[in-house]
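Trainee: I'd like to learn how to read a protein structure. Can you walk me through one?

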Amino acid sequence: MEARLNLFGSPVAAKVVKHIVSAGKAIEESTLPAATQQLVALRASQINGCGFCTDMHTKDAAHAGETSTRLNLVAAWREATVFTEAERAALELTEQGTRIADAAGGVTDEVWANATKHYD
């Protein structure tokens with residue numbers, strides 16, 4: 001199978017990737033804990049159905065010291081008991097922010113307020 005989009009051969013695609021990388025760098029340099037960064041990246045990748053990204057973020061999280069138990073439970077974080085309240089707030093914000101197209105109204109004020117209790 002051939003790729004539909006050549007990221008290295010398309011000036012537009014290269015520009016998009018540049019902005020995605022810049023956004024990732026800004027998050028890496030933020031006060032958001034590294035473990036939480038990995039968890040939210042993994043959850044967004046799962047929601048988007050991106051196998052490449054899910055694999056990449058799972059490996060990055062494991063390399064950063066995340067446990068296999070927690071990684072295996074990210075998709076079921078609401079029922080799992082292994083995440084802190086702050087991580088749960090970040091995961092919920094991630095879900096609502098990622099599901100803008102199918103989440104009526106996007107991120108709710110309640111979810112935003114809960115996330116701001118834990119993160120700037």
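Predicted model: local features only at pLDDT ≥ 70, side-chain atom pairs only at ≥ 80, totals over all residues.

Trainee: Okay. How many salt bridges does the structure hold?

Mentor: The general idea first: side chains of opposite charge can pair when their charged atoms come close. In this structure there are 7 salt bridges. In one of them, arginine 43 pairs with glutamate 95, with the closest N and O atoms 2.9 Å apart. Arginine 43 sits in helix H2 and glutamate 95 in helix H5, so the pair ties together parts that are 52 residues apart in sequence.

Trainee: Is arginine 43 buried or exposed?

Mentor: Buried means under 20% relative accessible area. Arginine 43 has 8%, so it counts as buried. Glutamate 95 has 7%, so it is buried too. Salt bridges that share partners also join Arg43, Arg78, Glu92 and Glu95 into one network.

Trainee: What about lysine 59 and aspartate 55, where do they lie?

Mentor: Both are in helix H3, 4 residues apart, which is about one turn of the helix. Lysine 59 is exposed at 51%, while aspartate 55 is partly exposed at 38%.

Trainee: And which residues make the nonpolar surface patch?

Mentor: Leu7, Phe8, Val17 and Val21 make a patch of about 440 Å². Phenylalanine 8 comes in the segment before helix H1, and its relative accessible area is 84%, so it counts as exposed.

Conventions
Residues numbered from 1 in each chain as written. Heavy atoms only, no water. Patch = residues over 30% accessible without salt bridge, like charges linked within 9 Å, V, L, I, M, F, W, Y side chains within 5 Å. Areas by Shrake-Rupley, 256 points an atom, 1.4 Å probe, with all protein chains shown as cover. Salt bridge = Lys/Arg side-chain N within 4 Å of Asp/Glu carboxyl O. Helix = DSSP H or I, 4+ residues; strand = E, 2+ residues; numbered from the N terminus. Buried < 20%, exposed > 50% of the residue type's maximum accessible area, 1.4 Å probe, protein only.
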